[in-house]
Amino acid sequence: MRWLVGWSSTAAVAAGVGSAGTTGHEGETVHPVGSQLLWGDPDPLWAVGDWRPDEVRVIKVDHQTRIAVLGLCGASDEQLRVGLFAARGGALRHLTAWPGSYTAVVQVGRRVTVCGDLAGARPVFHTPWAGGTAYATAALPLADLVEAHLDFGHLAALLAAPDVPAAVHESTPYADVRRVPPGHALILRAGAREIVGYEPVASLAVAAPSADPDSALDSVRDALVAAVRARLSAPRHLPDLDPGPVPGMGPAERRAARGMPVPGIGADLSGGPASGTLALLAAGLPGRPGTLLGHGTGAGERLLAVTFNDLAVAGPEAEMQRAGSLAANPRLHHVVVTGGEELLPYADLDGPLTDEPGPALITAARHRARLAAGSADHLVGHGARQVLDAHPARLADLLMDRKRRQLVRPVAALARADGSVLAPARVYAAARRLARTPYRAGLEALAERLVDRRFAEPAGAAGASLEALTWAGPGPAARWLTGEALAEVSVRLRGALHGSGAGPGQRPGDYRARAALARHAADLRVLEQAAEIRSQRLHAPFLDNQVVRACRALPETLRVQPGARADILRTVLHGAGVTDLPAGWGSPSHASRAAAAHTGLRVAAEPVAALFDTPLLAEAGLVEARVVRQALREAAAGAPVPLDGLADLVSLELWLRRLLARRGTCWTGTPARARAVPAGITPRGRALGAAARRG
């Protein structure tokens with residue numbers, strides 16, 4: 001893990017703060033373990049972890065005016081200086097408009113500004129500390145600093161309503177550690193904090209402005225090309241030096257045995273349109289895209305493209321054929337990683353502690369095997385579906401803009417997929433009802449559903465769309481929570497209504513799409529940490545700020561059409577000079593993933609069920625162990641059980657066990673080496689009454 005951490009103290013405390021931190025336990029200085037100090041004095045900032053030299057940049061104008069950019073940023077030093085001056089005048093959006101994925105911190109006098117990203121892949125966290133505010137790009141270090149206990153309400157919300165910002169967005173698994181929402185910045189002035197949005201907000205009083213499809217597609221192409229070019233133009237990095245020959249092993253075998261990536265730049269090539277677009281763009285752009293000559297595969301200038309072939313599950317043959325057709329490009333060096341039952345989901349439940357829980361914990365070994373064959377800088381297509389596809393709730397947005405004619409094709413496609421002549425009328429009625437439903441009524445309806453335990457498994461494509469045509473819906477794991485946990489989540493939802501007032505100020509489709517993107521970005525962040533390969537960086541260009549902005553500018557009428565994502569990416573490639581694409585480009589591939597999850601759960605049924613003999617989730621009052629064990633047995637037997645919900649339950653149980661087994665801390669100089677959750681899980685007597693009083 002890599003993160004930045006700092007704090008802003010009040011004027012009274014600032015006198016006790018030096019260039020290395022505050023004076024802590026027994027005269028020791030409080031500072032993070034394994035850190036490098038970027039600047040000190042009253043409001044210090046550290047970079048912690050294995051940052052590369054080019055990933056940490058600090059530009060100073062004077063002693064009290066400076067900017068730090070951590071991550072991959074395509075801006076020059078002069079552009080950073082211009083952005084610093086703009087931020088000094090309050091124009092924060094300039095700090096988020098450069099290619100790449102990064103976090104920017106600006107200090108002007110005692111004012112410190114930390115900008116999160118639009119997707120949520122680079123979040124910012126904060127907590128009250130020492131009369132001021134501490135902040136970081138990871139929640140666990142802050143939880144260590146203040147010895148935070150678990151926030152059981154947040155954990156319940158992760159299971160009951162993971163896609164509802166009102167339930168989970170600003171909280172974390174750790175009590176008193178808060179998250180800055182995507183698209184917002186944290187501003188600290190002498191310890192006092194303020195959270196402000198840096199994106200313009202569209203008015204709901206008038207229809208959304210119509211965008212020209214051609215210019216919008218050109219913007220998406222330019223943003224994606226700039227994002228990929230930023231990775232190609234960054235300094236190349238060799239993994240740790242090979243210590244020497246091993247009898248009977250060549251360089252590639254030694255590297256694989258030690259878990260080292262291939263030098264240079266590579267990409268996933270799953271056969272889907274997202275990874276294929278990135279691989280073809282990277283291979284076609286100038287800038288020495290492939291591995292370094294003389295290292296690794298000896299492929300020279302060719303881009304390393306990695307495909308995972310699951311031998312334990314039948315069905316991905318079409319994807320493999322498309323990946324093979326794409327890999328015929330002479331600029332690509334294709335590597336196929338095969339995996340059997342040992343790489344199925346749930347097969348390997350050991351792994352590192354991540355900052356937050358996520359479903360990637362049950363598939364980490366699967367991803368790690370693929371990424372181990374990848375490059376030191378590896379492109380992945382995560383996020384394309386969330387930024388390009390149309391959430392079903394966007395049909396209500398079209399009705400709000402009086403564009404009924406544009407609903408014909410998507411509704412007809414649902415009818416064909418569902419095989420029902422009644423599907424169009426039902427979907428249209430649900431979209432119309434959503435367009436007329438206020439945000440407050442939507443959250444109230446979800447709160448009532450949770451309390452009444454009304455969970456219906458949607459049948460078919462039309463059923464899933466009908467379930468999504470709401471302001472908020474329950475998560476797949478909600479059906480297995482205790483009544484007390486569901487009641488607590490409903491209290492959180494109603495409390496958010498009292499605090500938020502008018503609501504998000506967005507149309508329902510836009511609101512649901514942004515929430516889905518934030519959830520996916522958080523899951524990708526967990527995946528990066530759980531499947532981390534030493535000396536490797538994963539790059540998700542679809543989650544870059546400028547790419548997200550360009551995709552949000554796409555007209556709704558274009559986005560909602562069947563096959564829109566594949567058509568958009570095909571147009572992007574055509575604009576970049578890539579025209580030869582395989583047949584079946586953009587075909588959906590959910591079936592093989594669901595089959596892998598079901599097979600993995602069946603093969604690993606006993607060890608997974610053993611987790612719930614004495615589960616920590618039951619000790620926390622979130623589930624009943626016998627109920628979960630019964631659901632696991634039914635799923636292993638082939639019953640129609642929501643597999644995503646079981647993945648959420650198992651991954652959260654794994655994360656809690658790893659967190660409580662942890663003995664280290666991120667800090668020195670704190671009393672008794674303070675760490676998060678010092679008392680473990682205490683019996684819940686309960687927090688519901690306190691939550692109700694707060695609500």
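**Close-up views of a predicted model**

Figure 1. Strand β11 (residues 125-129) runs antiparallel to β13 and is joined to it by two bridges. Within this pairing, Phe125 has Arg179 of β13 as its bridge partner.

**Figure 2**

**Figure 3. Another open sheet of six strands.** Here the strand order is β7-β8-β9-β10-β14-β15, and the pairing is again antiparallel. At the edges are β7 (56-62) and β15 (192-197), each of which pairs on one side only. From one strand to the next, the twist averages 15°. Strand β10 (residues 111-115) and strand β14 (residues 184-189) run antiparallel and are joined by five bridges. Thr113 stands opposite Ile187, a residue of β14.

Figure 4. Helix α2 (residues 77-88) lies across β7, β8 (65-73), β9 (100-108) and β10. Relative to β7, helix α2 runs at about 60°.

**Figure 5. The packing of helices α6 and α21.** Two packed helices are described by the angle between their axes and the distance between the axes. For helix α6 (residues 213-233) and helix α21 (residues 564-575), the angle is about 70° and the axes are 9 Å apart. An angle of 65 to 115 degrees counts as roughly perpendicular, so α6 and α21 are roughly perpendicular to each other. Their crossing is right-handed. On the α6 side, the contact is made by Leu217, Val220, Arg221 and Leu224. On the α21 side, Ile568, Leu569, Thr571, Val572 and Gly575 take part. Sorted by class, the residues in the contact of α6 with α21 are six nonpolar, two polar and one charged.

**Figure 6. Confidence along the chain.** The protein chain has a mean pLDDT of 86, and 86% of its residues reach 70 or more. Over residues 14-19 the pLDDT is below 50, and this stretch has 17 contacts in the model beyond near neighbours in sequence. Residues 685-695 also stay under 50 in pLDDT, and the model has 13 contacts for them beyond four places in sequence. Where pLDDT is low, the predicted coordinates should not be read in detail.

Methods: Residues are numbered from 1 along each chain as its sequence is written. This is a predicted model: local features need pLDDT of at least 70, side-chain atom pairs count only at pLDDT 80 or more; totals for chains, interfaces and linings use all residues. Side-chain values use heavy atoms; hydrogens and water are left out. Axes are lines fitted to C-alpha atoms, for helices over the stretch in contact, and angles run from 0 to 180 degrees between N-to-C directions. Helices (H or I, at least four residues) and strands (E, at least two) are DSSP runs, numbered from the N terminus. Angles under 35 degrees count as roughly parallel, over 145 as roughly antiparallel, 65 to 115 as roughly perpendicular and the rest as oblique. A crossing is left-handed if the near helix is turned anticlockwise from the far one by less than a right angle, and right-handed if clockwise. Contact means heavy atoms within 4.5 Å. Ala, Val, Leu, Ile, Met, Phe, Trp, Tyr, Cys and Pro count as nonpolar, Asp, Glu, Lys and Arg as charged, and the others, Gly among them, as polar. pLDDT is the predictor's confidence in each residue, from 0 to 100. Two strands pair if DSSP finds at least two bridges between them.
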